[in-house]
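Me: I have a model open here and want to go through it with you. Can we start with the pocket?

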Amino acid sequence: MRNIAIVEDEDGAAELLASYIRKYAASVGTEFNIVRFANAVEFLSDYRAVYAVVFMDIQMPGMNGMDAAAELRDRDKTVSLIFITNLVQFAQKGYEVDAVSFLVKPVSYFDFSLKFKKALDVYVMNEERSFTVKCRGGMCRISTDKLMYVEIIAHRLYYRMIDGDIEVTGVLSEAEKELSRFGFLRCNKCYLVNPRFIIGINGSDLQVGNATLQISRPRRAAFLSELAKWYAGRGGDE
């Protein structure tokens with residue numbers, strides 16, 4: 001059963017969205033667990049990456065929905081986000097935090113159903129290529145579509161994303177077990193690399209996004225062999 005969050009300070013608006021979710025669930029023969037939060041602070045307090053879709057009102061007292069969404073993305077790169085707003089111009093900023101779409105009040109069921117289906121589809125697609133890690137404040141969900149490489153520095157793991165870093169306590173060998181199923185490769189004792197972001201190799205220099213990493217001499221032969229197999233396995237992808 002998918003979890004759906006409604007972050008909305010107006011009781012009537014929150015109940016309308018909940019009724020639409022139940023109506024949609026009945027139409028497709030499924031069920032959703034709906035959790036309503038009256039404000040952004042309550043939602044983000046002890047956040048767990050367990051939601052498929054978050055409906056986020058932009059205009060709320062205290063922390064507004066846009067600021068809340070930015071903090072949400074620090075913890076969860078995969079959840080589908082739909083903004084609720086009275087003014088379309090506010091919603092345009094939503095794409096800066098990878099919002100799937102936005103709904104303008106008063107929300108119609110037809111508009112809701114189209115965008116909710118899209119959000120669920122996006123989540124399912126991302127879920128297959130994501131994983132969770134323990135981080136400060138709870139659990140973080142990371143999409144491998146945005147993870148360029150993992151680096152270990154003084155017993156801290158740094159997940160280097162295209163849109164920022166996530167820092168956690170851990171060991172690289174455990175991360176390697178988790179990420180091997182996504183094709184990540186070890187180029188030396190400090191790095192796990194996502195082959196999708198490899199731009200080029202020049203000697204022992206490995207260009208990954210904007211970063212230049214080092215391929216260690218002991219790992220070089222195995223790394224290049226594994227990388228060649230990865231490229232061969234992609235077939236016609238991209």
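Me: Which element gives the largest share of the lining of the largest pocket?
Reply: Strand 6 does, with 4 residues. Keep in mind that this is a predicted model.

Me: Which other elements supply at least two residues of that lining?
Reply: Besides strand 6 (130-135), strand 9 (156-161), strand 10 (164-169) and helix 6 (172-179) each supply at least two.

Me: How many residues line the largest pocket, and which lie nearest its centre?
Reply: The lining has 13 residues, and V133, L157, Y159, E174 and A175 are the ones nearest the centre. By type, the lining divides into 7 nonpolar, 3 polar and 3 charged residues.

Me: And how much space is in there?
Reply: About 180 Å³ lies in the largest pocket.

Me: Let's zoom out. How many helices and strands does the chain have?
Reply: The chain has 7 helices and 15 strands. Its C-alpha trace spans about 65 × 40 × 30 Å along the principal axes. Of the 238 residues, 48% are buried.

Me: How many disulfides?
Reply: The structure holds 0 disulfides.

Me: Why don't C187 and C190 form a bond?
Reply: Because the sulfur of C187 is 8.6 Å from that of C190, the closest cysteine sulfur, which is too far for a bond. The cut-off for a disulfide is 2.5 Å between the sulfur atoms.

Me: Is C187 buried or exposed? And what about C190?
Reply: C187 is buried, at a relative accessible area of 0%. C190 is partly exposed, at 28%.

Me: On to helix 1. What span should it have, and how far apart are its ends?
Reply: Helix 1 covers residues 11-28, and at 1.5 Å a residue its 18 residues should span 26 Å. The end C-alpha atoms are 26 Å apart, which agrees.

Me: Which residues of helix 1 are buried?
Reply: A13, A14, L17, A18, Y20, I21, Y24 and A25. Seen down the axis of helix 1, the buried residues fall within an arc of 160 degrees, so they line one face of the helix.

Me: What does the face turned away from the buried side carry?
Reply: That face of helix 1 carries the exposed residues D11, G12, A26 and S27.

Me: Now the backbone. Where is the cis peptide bond?
Reply: The bond from K105 to P106 is cis, with omega near -5 degrees. P106 is in the loop between strand 5 (101-104) and helix 5.

Me: What is phi at D98, and where does D98 lie?
Reply: D98 is not a glycine, yet its phi is positive, about 60 degrees. D98 lies in the loop between helix 4 (88-91) and strand 5. At 36% relative accessibility, D98 counts as partly exposed.

Me: And H155? What is its phi?
Reply: Phi of H155 is near 65 degrees, also a positive value in a residue other than glycine. H155 is in the loop between strand 8 (147-153) and strand 9. H155 counts as exposed, at 64% relative accessibility.

Me: Last one: which helix holds R219?
Reply: R219 is in helix 7 (residues 217-234). R219 counts as partly exposed, at 25% relative accessibility. Its C-alpha atom is 18 Å from that of L179, 40 residues apart along the chain.

Key
Residues are numbered from 1 along each chain as its sequence is written. This is a predicted model: local features need pLDDT of at least 70, side-chain atom pairs count only at pLDDT 80 or more; totals for chains, interfaces and linings use all residues. Side-chain values use heavy atoms; hydrogens and water are left out. On a 1 Å grid over the protein atoms alone, a cavity is a set of points where a 1.4 Å probe fits but cannot get out, and a pocket is an open set with protein on both sides within 12 Å along at least five of seven lines; lining residues have an atom within 4 Å of a point. Grid points are joined across faces, edges and corners, and a volume is the space filled by probe spheres set on the points. Ala, Val, Leu, Ile, Met, Phe, Trp, Tyr, Cys and Pro count as nonpolar, Asp, Glu, Lys and Arg as charged, and the others, Gly among them, as polar. Buried means under 20% relative accessible area, exposed over 50%, partly exposed in between (1.4 Å probe, protein chains only). The expected span of a helix is 1.5 Å times one less than its number of residues. The arc is that of the directions from the helix axis to the C-beta atoms.
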